[in-house]
Amino acid sequence: AGIASENYPFCTIEPNIGIVEVPDARMQALADIVKPQRMQYATTEFVDIAGLVAGASKGEGLGNQFLANIRETDGIVNVVRCFEDDNVVHVAGKVDPISDIATIVTELALADLTTVEKAQERNVKLVRSGDKDAAKLGELLVQVAACLNEGRPARTLKLDPAQRALLKPVMYVANVAEKGFAGNPLLTRVEEYAAHEGAPVVAICAALESEIAVLSDEEKREFLADIGMTEPGLNRLIRAAYQLLGLQTYFTAG
């Protein structure tokens, strides 16, 4: 539910983990004034989790392992394919990003439902003891269970800020073809779907990113200028993920 690859030179790779610097133009502007000996950018950690298949909540594929990995993250980046290419096989036999999203949503909802049911069992004892907070939690768990039973993620519920803070935020990355940033009906469908959840969408072309990653800084600038871009798509992804978690950067110099 994240993205990380040894092909990207800005990553310090641990097993399945990419620790990346958050691109921030303000850093250089401040460095020009302060002239520090070194600069340390804010970082975000991405965990590369393979896509869930139908039945993952019941252990299909490596479902249990993947679900455990997702539980340990603070947010979910759902990467979906938004390009047609007969030479690139799709596991479902067709390119349908909304169907792909639906599979993941369903499996996560089923896994969450099991967790909620166990939480309800534990909470009943606290409610009986007169715990007011437990009573409030019990009401919330009933709402969440009903939502999950309908196959909808809990984040679609109308929750107050404190309740929403307990849920994992989600964003979508649409992997498009080189010329698929505009006039792409698959991308449009993902954007419309995400809009109903209030989730951000970042469109990137993985094929272009792999080319950009191996270039020198000067070659990279020239390549981006030729294709009408000012920065790699991965920079936009990193910043979007940083904002998704509600993180802020504080600058210090000394």
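This is a predicted model: local features need pLDDT of at least 70, side-chain atom pairs count only at pLDDT 80 or more; totals for chains, interfaces and linings use all residues.
**Ground rules.** I number residues from 1 along each chain as its sequence is written. Local features need pLDDT of at least 70, side-chain atom pairs count only at pLDDT 80 or more, totals for chains, interfaces and linings use all residues, and side-chain values use heavy atoms, with hydrogens and water left out.

**Entry 1: the whole chain.** I looked up the secondary structure and found nine helices and six strands. Helices (H or I, at least four residues) and strands (E, at least two) are DSSP runs, numbered from the N terminus. The chain has 254 residues, and 38% of them are buried. Buried means under 20% relative accessible area, exposed over 50%, and partly exposed in between (1.4 Å probe, protein chains only). I then checked contacts, meaning heavy atoms within 4.5 Å. Among those between residues at least 6 apart in sequence, 62% join residues at least 24 apart.

**Entry 2: the second largest pocket.** I read off a volume of about 760 Å³ for the second largest pocket. Its lining has 27 residues, and the closest to the centre are Asp 112, Ala 154, Leu 166, Leu 167 and Lys 168. On a 1 Å grid over the protein atoms alone, a pocket is an open set of points where a 1.4 Å probe fits, with protein on both sides within 12 Å along at least five of seven lines; lining residues have an atom within 4 Å of a point. Grid points are joined across faces, edges and corners, and the volume is the space filled by probe spheres set on the points. Which helix gives the most to this lining? Helix 3 does, with nine residues. Helix 2 (63–71), helix 3 (97–128) and helix 4 (132–149) each supply at least two. By class, I noted 20 nonpolar, two polar and five charged residues in the lining. Ala, Val, Leu, Ile, Met, Phe, Trp, Tyr, Cys and Pro count as nonpolar, Asp, Glu, Lys and Arg as charged, and the others, Gly among them, as polar.

**Entry 3: Thr 73.** I found Thr 73 in the loop between helix 2 and strand 4 (76–81). Is Thr 73 buried or exposed? Thr 73 counts as buried because its relative accessibility is 14%. Not counting residues up to four places away in sequence, Thr 73 touches Val 47, Ile 49 and Lys 168. Thr 73 and Lys 168 are 95 residues apart in sequence, yet 8.1 Å apart in space, C-alpha to C-alpha.

**Entry 4: Glu 231.** I moved to the loop between helix 8 (217–226) and helix 9 (233–244), where Glu 231 sits. Helix 8 lies largely in the open, because one of its ten residues is buried. Just after helix 8, Gly 228 takes a positive phi of about 75°. Glu 231 counts as buried, at 18% relative accessibility. Its side chain makes a polar contact with the side chain of Arg 239 (2.3 Å). The side chain of Glu 231 also makes one with the side chain of Asn 235 (3.5 Å). A polar contact is a pair of N or O atoms within 3.5 Å; within protein, one must be able to donate a hydrogen and the other to accept it, and residues adjacent in sequence count only if both atoms are side-chain atoms.
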